Amino acid sequence: MTSPVLAGPDSLLRRGLGEWRIALVAWRLLVLQNAHPVVAAGADRFSTYRAHPWRRMEHTMDSGRRLFFSDRDGLHREIARLERTHRRIRGTDDRGRPFSAEDPEVRVWVLVTLYESVTAMRELCGDPYSPDELDRLYGEFRSVCADFGLPDALFPPTAADVPAYVERTIRDELEYSTAVRYLLYEMLHEAPAPGRLGPLRPAWPLLRTLAAHTLRALTLADLPPAFREKFALPRTRRAAALSWVLHHGMRQVMPRLPERLRYRIPPTGTTASAPPAGDGVAPATGRVPRPRRPRRPDARPARLDAFFRQVLDQTGDGRIDAADLQAMAHNICWQLELTPEREAEVYDAFETWWQHMRATMDTDDDGHIDRTEFVRAMTAGVDRDPDYLGKGLHIAVRALFRAADSDGDGHLSPDEYRAVFGGSRVHPAELNHGFRQLDTDGDGRIAEEEFVRGFTDYFTARTDIAAGSRLLGRP
């Protein structure tokens, strides 16, 4: 029996979070969250937002959908998944301060900024919530937060107390971090083209520049005055005018649209708690640049170089370490409804793979592996030791297979394959092609050994003829 939804179709919270115009304050939300030093440290150390910004945003939206638009069971599953993820995000920042994503004060800040963004959206468009509506909205928000098990004393007691809480946190806690500067001034200038751009993809360099300037001006205009004053961020007349036009324009347009166009997530129903098929981490993190055919007979270096750039370097800093492998495991688990035990198996397998790579590739013993070290050591390893892949890569690949095999029948069906390797940036033709290449006996399903053999081919085949050599697309 399905548990009742947390709020009905008349929920102010659902309508606020589900409406498309929430996108106007989304970057503002990210800046406020990443200005907290703990969030900034976690993002810098563990997040994939530099290398895969669109996938990171899709994951954030998916998590919000599971938290605020599912039933109570779905909410509990998502909270448990977030807690397992946060448990692994800890360390020391670049100033030597310890940080942990489990810090309850930080978690409360991140949650409250979601509520504050909904209210800011309405204020900026000149149609703020009434005091009664704010009380109702905050009550709905707190009904969700109650399931996180965070101390009530850390939350503002009432809706009327939220502005003072936000201003106090800005004044006492927030910092103008590298993550904030990157969001405001760099990220969109170097972001890859979104997968849904379609025929406009060739125009992305121009569109990216226009979007970067517009979004930066809008965000600087919309940030709380206390934030701009503390960090001396300008709010020009032009930016203020842009904000007014966009917010007031959307206020006029949105109510005239049918619900299917007005809302990103319709408030009239619940969504499944399971995530939609998204960007898998392993072979198909998206449509990746096809490696050029090498002029030399051995095709492996070019493939290994592509695998390093497109798959392994999750944090986009040009090298890999334990955080990159942990991010890969996280993105795999994100696609699937796994039990905690199966999720732990995936993380442990990828940690084993990292330890094997570090032991055999980190020649300067600095705790990181750059692209040259990876390509050279992987090529030498498979040439020298027939069981080289079995000591690391195969362990991770088998854990990935078992995680994707949702019915436990020992095979991947096309649907199971799509669930982990599909996504909005993967063309169906490429997905079908990849499945057929791994299904070597042509029986319409992929056995575990076929799956492992495909990855083995990718890392060992000296030509691009072997089926597994095409895991990242057609050569």
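Leaving aside its neighbours within four places in sequence, R107 is in contact (heavy atoms within 4.5 Å) with E83, H86, A101, E102, F148 and L150. R107 itself sits in helix α6, which spans residues 104–124. With a relative accessibility of 13%, R107 counts as buried, a label for residues under 20% relative accessible area, while exposed means over 50% and partly exposed in between (1.4 Å probe, protein chains only). The model is a predicted one, in which local features need pLDDT of at least 70 and side-chain atom pairs count only at pLDDT 80 or more, whereas totals for chains, interfaces and linings use all residues. Residues are numbered from 1 along each chain as its sequence is written, and side-chain values use heavy atoms, with hydrogens and water left out.

Stepping back to the whole chain, the protein contains 22 helices and six strands; these are DSSP runs numbered from the N terminus, with helices (H or I) of at least four residues and strands (E) of at least two. Of the 475 residues in the protein chain, 52% are buried. Among contacts with a separation of 6 or more, 70% are accounted for by residues 24 or more positions apart.

Two packed helices are described by the angle between their axes and the distance between the axes. Here, axes are lines fitted to C-alpha atoms, for helices over the stretch in contact, and angles run from 0 to 180 degrees between N-to-C directions. Helix α16 (residues 322–335) packs against helix α17 (residues 340–361) at an angle of about 150 degrees, and their axes are 9 Å apart. That makes α16 roughly antiparallel to α17, given that angles under 35 degrees count as roughly parallel, over 145 as roughly antiparallel, 65 to 115 as roughly perpendicular and the rest as oblique. On the α16 side, A322, L325, Q326, M328, A329, H330, I332 and C333 take part, meeting E343, V346, Y347, F350, W353, W354 and M357 of α17. Sorted by class, this contact has twelve nonpolar, two polar and one charged residues, where Ala, Val, Leu, Ile, Met, Phe, Trp, Tyr, Cys and Pro count as nonpolar, Asp, Glu, Lys and Arg as charged, and the others, Gly among them, as polar.

In the second pair, the axes of helix α11 (residues 204–222) and helix α13 (residues 237–253) come within 8 Å and cross at roughly 90 degrees. The two helices α11 and α13 are therefore roughly perpendicular to each other. Helix α11 contributes T214, A217, L218, A221 and D222 to the contact, and α13 contributes A239, A240, L242, S243, L246 and H247. By class, seven nonpolar, three polar and one charged residues make up the contact of α11 with α13.

Aromatic rings complete the picture. Rings of Phe, Tyr and Trp (its six-membered ring) pair if their centres lie within 6.5 Å; planes under 30 degrees apart count as stacked, over 60 as edge-to-face and the rest as tilted. By this rule, the count comes to 14 aromatic pairs. One of them, Y417 with F435, is edge-to-face, at 5.4 Å centre to centre and 75 degrees between the planes. Y417 lies in helix α20 (residues 414–421) and F435 in helix α21 (residues 428–438), so the pair ties together parts that are 18 residues apart in sequence. Y417 is buried at 5% relative accessibility, and F435 is buried with a relative accessible area of 9%. The rings of Y458 and F459 also form an edge-to-face pair, with centres 5.4 Å apart and planes at 70 degrees. Both partners count as buried, Y458 at 1% relative accessibility and F459 at 0%. Elsewhere, Y115, Y138 and F141 form one aromatic cluster.
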